[in-house]
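Let's take a look at the salt bridges in this one. Here is the sequence with its structure.

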Amino acid sequence: MQAHGDRAAAPQVSIILPVYNAELWLDECLESVLQQDFEGSMELSVFNDASKDKSMTIIEKWKVKLENSGVLVVIGGHDSPSPRGVGYSKNQAIAQSSGSYLCFLDSDDVMMPQRVRLQLEAAAQHPTSIVGCQVRRDPPNSTERYTRWINQLAPDQLLTQVFTSNGPTVIMPTWFCSRAWFSYVGPFDEGGQGEPEDLLFFYSHLRKGGGVIRVDQSLLLYRYHPNAATHSVLETTIWTHRVRFLEERALPHWATFTIWNAGRQGRRLYRSLTAGMRRKVVAFCDVDENKIRKGFYCHEDSQERPKPRVPILHFRAARPPFVICVKLDLTGGAFEDNLRSLHLQEGRDFLHFS
């Protein structure tokens with residue numbers, strides 16, 4: 001890595017690192033910044049969100065090591081009685097940084113040495129995209145289905161699967177983008193604990209025509225542990241944002257549609273839709289003979305009179321487009337086989353919501 005020489009010149013890349021009570025992981029995290037093989041100019045922008053542990057002591061120690069290796073370190077923070085949240089911390093870290101590109105890093109994760117170099121190459125070619133990467137999970141056997149989804153989405157699915165419960169199709173700790181694009185889309189929501197600031201930014205990014213790119217190498221060790229900030233976000237909060245985004249971005253393009261799954265998740269989606277969108281639902285479809293035999297689903301809570309009764313059909317008797325509320329890869333491949341047999345095009349004929 002090259003030394004800066006002229007510190008007045010803006011670095012090419014700013015690594016954005018919000019920190020809150022991260023003493024268990026910071027040494028490994030900051031070591032991975034030092035080990036980057038990127039030869040351009042780079043800075044680390046740290047914002048300490050009222051940590052009560054030894055995080056700041058560790059950061060100050062690493063500041064000397066990093067700056068001796070040519071990485072400028074900018075440190076901000078506050079010592080209020082309570083943290084102000086991840087969105088606020090990221091915004092502050094970005095505001096105090098000056099790089100042309102932003103590389104996001106969580107304090108409990110570890111970058112592979114080639115991360116900055118490879119993602120910068122991709123971001124330079126795609127200036128209005130969020131660039132992600134594949135990951136390794138730690139512990140290795142945690143969230144196996146989610147990790148497989150992160151790493152194996154096809155390039156077109158990075159846009160067609162944005163409505164699923166998994167959240168952004170490239171995960172936040174792997175994000176890399178130009179400062180100019182971030183400024184156009186952002187900032188992050190600062191609602192604090194319980195607000196999915198990454199999902200809300202991702203939706204804003206897509207609304208403004210942003211692309212989604214993934215470097216197909218494992219460039220991040222992505223930790224799973226009980227104290228991760230993501231656990232503070234309620235499923236019902238995520239659900240509400242997802243339904244509204246589905247209604248805004250996808251459903252207006254369809255005159256009618258079918259909900260694939262007449263069970264709990266499918267019925268929940270139907271009830272969550274606005275009245276106008278519910279009227280577009282022409283049927284549920286399923287493979288469960290008991291549900292099909294019943295013949296219809298009645299929305300008992302509806303204020304309409306008579307109450308809506310939506311037909312329940314076998315999937316082969318239903319017509320696309322479909323909003324699919326089936327958890328993928330939990331049916332032993334049977335669902336995927338059924339879907340493939342219809343020869344549909346993802347994005348045009350069906351969308352995954354599960």
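Is D216 buried, partly exposed or exposed? At 46% relative accessibility, D216 is partly exposed (buried means under 20% relative accessible area, exposed over 50%, partly exposed in between, with a 1.4 Å probe and protein chains only).

## Ground rules

This is a predicted model, where local features need pLDDT of at least 70 and side-chain atom pairs count only at pLDDT 80 or more, while totals for chains, interfaces and linings use all residues. Residues are numbered from 1 along each chain as its sequence is written, and side-chain values use heavy atoms, with hydrogens and water left out.

## The overall tally

The count comes to 13 salt bridges, a salt bridge being a side-chain nitrogen of Lys or Arg within 4 Å of a carboxyl oxygen of Asp or Glu. There's also a network of salt bridges, linking E28, D138 and R223.

## D216 and its partner

D216 pairs up with R214, with 2.5 Å between the closest N and O atoms. R214 is buried, at 12% relative accessibility.

D27 and K61 form a salt bridge, 2.9 Å from N to O. This pair ties together distant parts of the chain, 34 residues apart: D27 sits in helix α1 (residues 26-34) and K61 in helix α2 (residues 55-68). Helices here are DSSP runs of H or I, at least four residues, numbered from the N terminus. D27 is partly exposed at 33%, and K61 is partly exposed at 40%.

K63 and E67 make a salt bridge at 3.2 Å, N to O. Both lie in helix α2, four residues apart, or about one turn of the helix. K63 is partly exposed at 24%, and E67 is partly exposed at 22%.

Conventions:
Helix = DSSP H or I, 4+ residues; strand = E, 2+ residues; numbered from the N terminus.
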